[in-house]
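Work through the exercises below with the sequence and the model open beside you. Try each task before reading its solution.

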Amino acid sequence: MKLRSRITLLFALLAIVPVIIVGFLAYYTGRQSIENVEINHLVSTNLMKSSELTRWIEGNQLRIEELAQRPLVVQNSALMATSDPAGPAYDNARLDLENDHLRPRITPTGGFIEISVISPDSGIVLASSDDTQEGKYHSNQRFYLEGKTHTYTQGVFYSLPLQQTTMVVSTPVKDRQGKLVAVLAGRLDLSDLSLIMSAQSGLRLTEKTYLVNKSNFFVTEPSSGGGYALKKTVRTEGVQAGLSGSDGVGFYEDYLKVPVIGAYKWLPQYNMCLITEVDQAEAYSRIDSMAATMITIVSLLALIVVAASFLLARTITQPLARLVAGAAAIGRGNLDQRVGTAAKDEIGELSRAFDRMAMELKETTVSLDELEQRIRERTAQLEAANRELEAFSYSVSHDLRAPLRAIDGYTRILQEEYEQLLDTEGKRVCSVISESARKMSGLIDDLLAFSRLGRSAINPGKLDMEALANSVFQDLTTAQSRKRIDFQVDAAPPVMGDLSLLRQVWVNLISNAIKFSSRRRRAVIRVHGENTEGEVVYSVQDNGVGFDMQYADKLFGVFQRLHSVREFEGNGVGLALVQRVIHRHGGRVWAEGQIGKGATFYFSLPRQGVI
Amino acid sequence: MKFIHCLFAFLLAATLLLNWQCQFKPEQLPDEVTLQLKGVHQAEFAGFYIAQEKGYYSQENIRVTFLEGEKDLAIVQRVVYGPAEFGVIAPESILTARSQGQPVTAIAAIYRQSPVVYVALSDSGIKRPQDFLGTTIATLDASGSQQDLQLQFFIMMKRLGLDISKMKLIAWDPIYTTFYDGEAAVTSCYSSVGLIEMRQKGLKLNLIWPSDYGAYFYSDMVVTGDSLIKGNPGLVTRFLRATLRGWQDAIEDYQQAVPVILKYARDKDPQLQAAMMEAQLPLVHTGEDHIGWMKVEDWQAMYKLLKDYDLLARPFDVDQSYTMQFLQEIYGSAAR
């Protein structure tokens, strides 16, 4: 991941995570407190509703009891119970009851919808505010049976004849002697009950309170309506808990499968359960809207933080990117590249330091091209100087020969013409002069050969090195001398090169080997060649006097000798010549040796031929 | 720790073994029983259908065959002498049969209020039993399967001291042709069946309920023969338990019961069956007690009514007519 992304992400995380944590905690505690508020509200609603229900029932019981105690009600009831139904007294009493006492109690604003006076013996309705009820029997009705002895409220039940749910309050009507003369029964307007249950106790739109009986049937309509009362059952968690006889609250799905917070209260005196519920969606709407606001804020904050951290990251990464680009440019050799930043921070300092470094580098560094150019120039100069030197040594050698011949000639004249005039010492001096002149001539010849070698052109051709070495050995030795020399050529791979020059190499190396092993009774000379990577390496090994490896680098110098002329003749040009030939072929020369244990001379040639 | 592992492994193995044994327990053949219904297939018997369709009977290892009621079919005889083991019948029929020495016993009350109602057209002016004098009433039942229509009428008239000789009584017509044609001014019917059909026709009716005039009865009862109660009470319990479960389901959401009813019902009108279902809710569930529950005082009152109005062959101990044994076993003895 790039630094810029990392910084952006880090800042975003640092800013958002704490906000989310704080937000969640705020939401959680808010939710908890709302739950507590809701639960308290629902429980108190249940308490309020149950006390309203009790007050409503007790109020109606008081009203019916008050009616039952009125002297005229008692008197007329007693009269009806004892007189002949066909007689005028009966009818008068009935009309009196109905018109003066029962019907005035029926009000359109609630309370009773029908009040009956029931015979205590037969259960027949003697008088009623609704004349269609007269003559009906209630002998097996619980409100009648219980109402004979005490004030009784028959809970909500379905009346088949009335084809509706109903609730009846009944009370005995007794005369002064305490004798039961009738049962007074009032049918309650259940819309009052529904009003009590449906009255909203707060501002909650989804709040609903309803009663459920022991058989799980709705007793009052839930706020959604739909004719549920005594027709549909409800088996929610809250109802089941309430019907088990306990009071409490719960979170569950209501009968419409909507998640609600519900409070349930068992009403043992009515064998019913009171349920108050509010939709969780509404209860939590405030905290949910807060959560929505918080999510919006967090989202905005996240955007701002991401943007800000992106910009901040850019102030860090942009100079770095410039730095990287500058380094790359300098790496490519452009020492004029400058990062150039005015920033005062650490990165600005780094950039400036970098620029200084580039500047100093430019000052102290010569470009490669310039270097090569200089090398080429130097090489050319050296080559020119070399050529001049060769030309000089050639002309010197050549020019020296004439005076040398003169010295030799005149010395010879002295020896031959003036032999008698010279004493012994004079003769010896002359011979020394002559000898030295001859040696000098030899030296000059070698020098000439050496410098000729540097100038002659190379004519490459394929050479059978094995045959060449053998032929050289044959040329250098006689049949007599070959007897004491064990000469052997191992594999010597062919190579491309100049025949005459490489023949000279073999001559010099093999003759050296013969020369330096001449003191051995049995000289052993091995010629070997092998292909290595890119070149062919040849060697000539002998078991001669060898040399001290500390002088190995001097072996190939002109006129360099490790032995005196008395020990081994020669003038120190042979190996220098070998080196020059091999170098001209693009190869290398080197040697290994140990005093008294022989020496090995190596030379290598490019496998591809002469360069 | 090792001991706990061993114990756990042992318990697991034991559970698996027990489970295996349970699975491979030789299957008992289901008990074959026949239920003789009181009428044709309709919503009136919804609880039985649901118990069948939801597999409550098969869970009790019972295979139930339903037999429809027919005109002039003596249901008590079919339960006592075969082919049915159980029947659905009105309590009046049980009491009269019992008074004749028939060994038939009620084990549960499905309808705990009678749906019997007497209807007259609104514009006839007939509002109460007293208005029946001088009119023609379709309520006589020859077969005994709809005895309740006739008996409740007699009880009501006698209780009100009305002379039935001053009325013309004709046979009850299950399709109410005599009523629709005007031959009968009043007809008896069931609020859960006939009344719905009449209301569907748009008729405006006055309803005279026998229960308002002292004729308070249960209606559809589940009955069985005394021999089965003695010989195989377990089967009776299992049958009743499944039946009551079916009825519980049926009334808990009566609309959901309609598709099941339609699989059996002769009349495939879903609205009619739903209306019947709704109408019978207060009969099955009165707001008191468990479904099927019966009360001693109700039985005594029903017996007294029949006895007082000389509708029994001879007096007998009313407690022979019903038993709470199975309801108490299912709901618990203190259940209400």
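**Exercise 1: two helices in contact**

Task: List which residues of α2(B) meet which residues of α11(B), then describe how the two helices are packed.

Solution. Step 1: B:Ala46, B:Tyr49, B:Ile50 and B:Glu53 of α2(B) meet B:Ala257, B:Val260, B:Ile261 and B:Tyr264 of α11(B). Two residues are in contact if their C-beta atoms, placed from the backbone, lie within 7 Å. Helices are DSSP runs of H or I with at least four residues, strands are runs of E with at least two, and both are numbered from the N terminus.

Step 1: sort the residues of this contact by class, which gives seven nonpolar, no polar and one charged. Ala, Val, Leu, Ile, Met, Phe, Trp, Tyr, Cys and Pro count as nonpolar, Asp, Glu, Lys and Arg as charged, and the others, Gly among them, as polar.

Step 2: helix α2 (residues 46-53) and helix α11 (residues 254-264) of chain B pack at about 90 degrees, with axes 9 Å apart. Axes are lines fitted to C-alpha atoms, for helices over the stretch in contact, and angles run from 0 to 180 degrees between N-to-C directions. Angles of 65 to 115 degrees count as roughly perpendicular, under 35 as roughly parallel, over 145 as roughly antiparallel and the rest as oblique. α2(B) and α11(B) are therefore roughly perpendicular to each other.

**A note on the model**

This is a predicted model, in which local features need pLDDT of at least 70, side-chain atom pairs count only at pLDDT 80 or more, and totals for chains, interfaces and linings use all residues. Residues are numbered from 1 along each chain as its sequence is written, while chains are lettered from A and ligands numbered from 1 in the order in which they are written.

**Exercise 2: a peptide bond**

Task: Where is B:Pro83, and what is the peptide bond from B:Gly82 to B:Pro83?

Solution. Step 1: B:Pro83 lies in the loop between α4 (75-81) and β3 (86-89) of chain B. Step 2: the bond from B:Gly82 to B:Pro83 is cis, with omega near 5 degrees.
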